[in-house]
Amino acid sequence: MYQRVVVKEGQGVNEVDFERLGTFPQTGIDLLTRDLMASALVYSGLLVTQSGSVTVQIAPGRLYDNGRQFASEVTEERSFAAFVPVTAGQSVICLIVAQGQEVSDDVEDRYYERPIDPNNPASGTQQSIDDGYRTKNRKVVLTVAPGIEGARPVAPVAPIGAVAVAEVLVTTSGIQSVTMRTDSQAQRLERVAGQVNDVAKTLALITQAIEGLRADQAGIKASLLGSASKGALAALQVDMALIKDRFDISDNNSPYWGDRFLDLRETDIKHPDYKALVEEGIRFPYANITEVPLSVYNPNDPNLSHAGSGLICPRYVATDGITVTAATGEMPLGGIAVQTITVEQLVEKRERVRVGSTFTICNNNQWWQSGRYDPIAGIFTSATGETYKAATDHYDPVNANHRIMRVQQYWTDTIDVPYEKFTANQKTVSGVIKAQSFLVHQERWTPRTWLGIKRWGKGAAVTAVLVECRDDGTPDPTRALATVHKSEADFKAWPERTYFPFDKPRFLAPLAGSQSRARAYAMMYFVTGDVDVATADGQSFLGGNLFSTTDGRYFDGDLTRDLVFGIDFCSFEITQIPVNLTAWNLDGGIQGIDILAPTIVPSASNIVYEINVGGVWRPLSDQTIGGGILDGVTVYYQSRVVLTGTQWAMPIIETGNSRVRLTRNGDKLTWVSADWLIGEQATEFSFRVVVAAHDADRHTLNAKCLHGAGYKTATAAVSVTSRVVAGREVARPDQEYAVEMEWTFKLPAAVDRAKFRLDGSTSNHRLPYNVEWAAARKTA
């Protein structure tokens, strides 16, 4: 109390003095509570307990509001009957809140000395009795604030000037639970003192540990100074960043960061200034681009088959391949055990050819098969939106049968397996299931299969599915190559053959190419209705087996007989054929050509794309000779593809899901990295890149560090160094000349996250460069 009432001997005392005897101590206690204990709105006591199905009792307690004390001195009861929901499944949370209120209280009688005649002071005085309020009480007023009914009710918010004491959950059966609101409860000083003592003890232990760490750090520093230079440690950090990128370990919460630019995971493509191409390095974006399907100039070319169906396929005739004709018996192909199974269709492999000065070599291509990246999805994705990636749980990108060739300005990528599950392509087939397997020892194309059907009932139908076989020789319906459906109107009575022509020839190959171990295939037959077929003795055909199954998974073999059936082969009439394609055109000039098409090239055949340059047909691979054949200025080229092979093995290209991308580079690029969360405060960074095909007279490349709110603050480097990469001082057909550039940044304030930006240009769009990799590290 900082004020007190002064009363001296002989002094008269009036009502003000008596009022001060009460207000001075109260004001002092209010200020003391506010300054040292609680200035916020908190409560103490007021324990709420359930006393009935819809009632609670609230124990006495206090409320402190900005230092003022209010009290509830008796136990109070509240009913929640009015808040019980009437709808089943509904509930409501009611909030018991407390407010402070100062009221005049305690009405009592007191004697008053008053004049007998107020108008005549000389009349004397007399005593009279009056009643009135004798105290002022600060009381706690308790009220109930209901929430909104719902299946998942939400607690209401306490009104301004009130404090939440407890939450009462009310359901259709009454009060379900009572939860005290400890977040607004006053803390006892003895408890706070205990917590402070615990913190002090912990801090003493931490301080002791820190001192030990300082001593250890000093020893480590001295050891490092004697064992490795800063340059060696910097190189180690860069190498570690790239190794982490190799194993797909996050750069966050690490003092170093790296990326090899084989995908966009470390690139902020949504940045408004981003204008670059990330494709085996950072490259210049396209100033112009067009995409067209690979198409035949003359679909009616007599030297082609299926040209109108989207194939570039040399003319062939169907001839006998695998045949079983010595019929000795018959059997029902159908039955009553009808099954419905899902057949998973395989798709043709992809081949991609890229040519032009756009495609400077980046050593990153070796990392496609590192295990971190998926070369199938990253390189062979279709332009038509088809998702092209390995659709199997056992896919291994390291052993993805992906063959890469990179020479200056000429790239090729090939998948060696002819068919694979690269897209989701499933069909549901129903019927009684039989199958006949056969072995293929040499590479062959098959246009159709046939079956010896002897008789059939009304409404009969057969669906023939060409599948690969499992390692145990049984048919595998999850690896289907073709599906053909025929009904009774198409059937021919044996000895006439009932043919099942495929929509396009299917490639059959031994396990590892021509003259290698035979691969087993099978024809699966799904039969509805009554169909009887001719059979041959099991000893007359040793190249396969007859199978039956009841569930489409497990097959039983029959060694005593085989189906009378056949697999025809394509006999190509022309073994070298140039096929004219529609011409390629791009406004401003063609600098790059990128061809992606489903393509199967047998081992004894090859495909060469050519363009007409000055009246001479030149293969695209000539781009590696001298200055190349694409000058980046010519806007129109006649094009063709030359197919070469043998009578039995010619390449076939599918144009329906192909694309030819014609491009011309821009002369400026801007690339921005994704967020790098450092995990600690930093003020200085080093940012290092390797630039391939760099020409200091024609090219510029500058880096900035982005930081601050929204990464809107860009800090320029205080220094930049450039040096030739060891071993790459001279360009070769299989690698580019390369330099390493490193920028040093000093920021005005510490940050715990950053981005990096590269801005580059070339004085001639036909002479671009690419950034192979980048690595950043914190230096202070």
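I counted cavities of 30 Å³ or more and found one. The model is a predicted one, and I keep that in mind for every entry below.

Entry on the cavity. I looked up the volume of the largest cavity, which is about 80 Å³. I then listed its lining, which comes to 11 residues; the closest to the cavity centre are L311, E348, W445, P505 and I652. Next I asked myself which elements give two or more residues to the lining of the largest cavity. I noted β30 (498-508), β38 (592-600) and β42 (652-654). Of the elements, β42 gives the most to this lining, with three residues. I also sorted the lining by residue class: eight residues are nonpolar, three are charged and none is polar.

Entry on the three-stranded sheet. I traced an open sheet of three strands, ordered β2-β3-β6, with antiparallel pairing. Which strands stand at the edges? I put down β2 (48-50) and β6 (76-79); each has a single partner strand, so one side of each lacks a neighbour in the sheet. I then went through the pairing of β2 with β3 (residues 55-58), which is antiparallel and runs over three bridges. Within this pairing I found T49 opposite Q57 of β3.

Entry on the hairpin. I turned to β39 (residues 606-613) and β40 (residues 616-619), which run antiparallel and are joined by four bridges. How many residues lie between β39 and β40 in the hairpin? I counted two residues there, and for G614 in the turn I noted a positive phi of about 60°. I also looked up the bridge partner of I611 in β40, and it is R618.

A side note on strands: in a regular strand, side chains alternate between the two faces of the sheet.

Entry on N665. I placed N665 in strand β43, which spans residues 659-665. Is N665 buried or exposed? I have its relative accessibility at 3%, and because buried means under 20%, N665 counts as buried. I then listed what N665 touches, leaving out residues up to four places away in sequence. The contacts are F284, P285, Y286 and A287, together with T358, Q591, H765 and P768.

Notes
Residues are numbered from 1 along each chain as its sequence is written. This is a predicted model: local features need pLDDT of at least 70, side-chain atom pairs count only at pLDDT 80 or more; totals for chains, interfaces and linings use all residues. Side-chain values use heavy atoms; hydrogens and water are left out. On a 1 Å grid over the protein atoms alone, a cavity is a set of points where a 1.4 Å probe fits but cannot get out, and a pocket is an open set with protein on both sides within 12 Å along at least five of seven lines; lining residues have an atom within 4 Å of a point. Grid points are joined across faces, edges and corners, and a volume is the space filled by probe spheres set on the points. Ala, Val, Leu, Ile, Met, Phe, Trp, Tyr, Cys and Pro count as nonpolar, Asp, Glu, Lys and Arg as charged, and the others, Gly among them, as polar. Two strands pair if DSSP finds at least two bridges between them. Buried means under 20% relative accessible area, exposed over 50%, partly exposed in between (1.4 Å probe, protein chains only). Contact means heavy atoms within 4.5 Å.
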